[in-house]
Amino acid sequence: MGMATGAGSEQGCVPGFEVWWEPTSGGSRELGRSVAQLQLEAVRRSAGCWALSHRGPWETLRREDLPYRDISGRMAAPCRDCAPQDRISQDLIHREVQDYYGRELQKSEDLKTNACVTLTRPVPKAVRDALQRVHEEVVARYYGCGLIIPECLESCRVLDLGSGSGRDCYVLSQLVGEQGHVTGIDMTEAQVEVAKKHIAYHMEKFGYQKPNVEFLQGYVENLGDVGLADESYDIVISNCVINLTPDKRAVLREAYRVLKPGGEMYFSDVYANQHLSEAMRKHRVLWGECLAGALFWRDLYSIAKEVGFSPPCLVTASPITVSNEELERIIGDCRFVSATFRLFKVPGSSRAAPGQVIYNGGIAGHERELEFDASFTFKVGEVVDVDAEMAAILQSSRFAEKFLIRAGGTDGAAPQGCCCGKMKEKICDPFLLLQQRAAPAPACGAAGTCGPQGCC
């Protein structure tokens, strides 16, 4: 990075890294224009580079606002005393993600990984039909991790965190029906504009007398700023968005706050098999590609418990591949997965004991069986032993009237179809789920014993 005539440099708080400045006509010093003006694409799109805009005089510039670069143009992190990590993350991550999704990405083919295009489950016919009625521009500007559509939606109030161009919202609009309601919130103005401009088109397409969908611009960490009240939604969904936020606890706290008792957060996101390195967490493209902000999967369980949710129910998982040599070098041996989880706001009074449940059917698209998560599949008329957590979820949620629930059973999950009848632990690790689904199916012998890959 060059310096203007008469410019100088000053040592930063990381030895060996300098901050460029140039004199002004009044004699004060300001950052060189090549750093301070984020509009310059050569700076903004430097691989792995974060930069903050500073338009005031040099004296008002804080150390934590300075981007430190080595001679190759890569940024070095300021020391922790000068730049607290959370202070750097909030505004900076929001700004760069808005730019990545608002300007750099114009269609899903622009993505450099499959983190945001991975389908994880077969799509029911009703959902496929609903997708066919969504405007082509809305679909083209969609960057989610698949299709996040929970079951049993009729007349529900649904909130989509990070709704983007509105694709999932318009699908949900059809599934909740005219008496239901869908709210989408996204921080990227360009995406919200795309979603809003097609409201009239979709309402006419669906045959609705008035809109049952709205789109708000705001931050998913602060839902109160856009007027979303406590206990106002039955379901909160999120599709490959929480990893893009700097404060995951705040997102889950807000989701918990706006959910009604018994409500559900049903979301897909990107998770890592380890805590990420500093270099990965500061890489601009990896943020935009949903990888740099990925949680270590175990941390989701501790955050959910802290916020008040029931333990997460792992629904499904898909591997993430990276088709970019530079990104592969930075990632190293870290692995990523796109996983869908369910979290429930179970009221304290609904804490249940282990029991037995029978699915009565009646859920559109799941008339014969309901694949609730990776550990429980409920078939119509079949008695299934459930643990206390699942009993409480079914008893307190919108699924209650679809099940006959009775006390008793054992404190474990009965694996349907297992010849031995032993209990198996619920699957929590999405990477383990991938391994199990890639392994050969267990074979049962005449004596009722399972093969080495079985559950016995």
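This is a predicted model: local features need pLDDT of at least 70, side-chain atom pairs count only at pLDDT 80 or more; totals for chains, interfaces and linings use all residues.
**Helix 8, buried side**
I started with helix 8, residues 199-206. I looked up its buried residues and found Ile-199, His-202, Met-203 and Phe-206. Then I looked down the helix axis. The buried residues fall within an arc of 100°, so they line one face of helix 8. I recalled the general rule: an α-helix has 3.6 residues a turn, so residues three or four places apart point the same way.

**Helix 8, other side**
Next I turned to the face directed away from the buried side. Ala-200 and Glu-204 are the exposed residues there. I also checked what comes just after the helix. Gly-207 has a positive phi of about 75°.

**What covers helix 8**
Which elements cover the buried residues of helix 8? I noted helix 5 (136-140), helix 6 (167-176), helix 7 (189-196) and strand 8 (213-217) among them.

**Helix 6 against helix 8**
I took up helix 6 in more detail. Two packed helices are described by the angle between their axes and the distance between the axes. For helix 6 and helix 8 the angle is about 30°, and the axes are 11 Å apart. Angles under 35 degrees count as roughly parallel, and helix 6 and helix 8 are therefore roughly parallel to each other. I logged the crossing as right-handed. On the helix 6 side, Tyr-170, Ser-173 and Gln-174 make the contact. Helix 8 answers with Ile-199, His-202, Met-203 and Phe-206. I had already listed these four as the buried residues of helix 8.

**His-135**
Where does His-135 sit? I found it in the loop between helix 4 (125-132) and helix 5. Is His-135 buried or exposed? Its relative accessible area is 18%. Setting aside residues up to four places away in sequence, I listed its contacts as His-198, Tyr-201 and His-202. His-202 is also on my list of buried residues in helix 8.

**Nonpolar cores**
I finished with the cores. The largest nonpolar core has 37 residues. Leu-159, Leu-161, Leu-252, Met-265, Tyr-271 and Phe-309 have the most contacts inside it. Helix 12 (residues 297-307) gives the most to this core, with six residues. I followed up Met-265, leaving out neighbours within four places in sequence. Its contacts include Leu-161, Leu-252 and Phe-309, and also Arg-342. Another core lies apart from the largest one and has 29 residues. Among them I noted Val-127, Tyr-170, Ala-195 and Tyr-266. Tyr-170 is the helix 6 residue I had met in the contact with helix 8.

Key:
Residues are numbered from 1 along each chain as its sequence is written. Side-chain values use heavy atoms; hydrogens and water are left out. Buried means under 20% relative accessible area, exposed over 50%, partly exposed in between (1.4 Å probe, protein chains only). Helices (H or I, at least four residues) and strands (E, at least two) are DSSP runs, numbered from the N terminus. The arc is that of the directions from the helix axis to the C-beta atoms. Contact means heavy atoms within 4.5 Å. A nonpolar core is a set of buried Ala, Val, Leu, Ile, Met, Phe, Trp, Tyr and Cys residues joined through side-chain atoms within 4.5 Å. Axes are lines fitted to C-alpha atoms, for helices over the stretch in contact, and angles run from 0 to 180 degrees between N-to-C directions. Angles under 35 degrees count as roughly parallel, over 145 as roughly antiparallel, 65 to 115 as roughly perpendicular and the rest as oblique. A crossing is left-handed if the near helix is turned anticlockwise from the far one by less than a right angle, and right-handed if clockwise.
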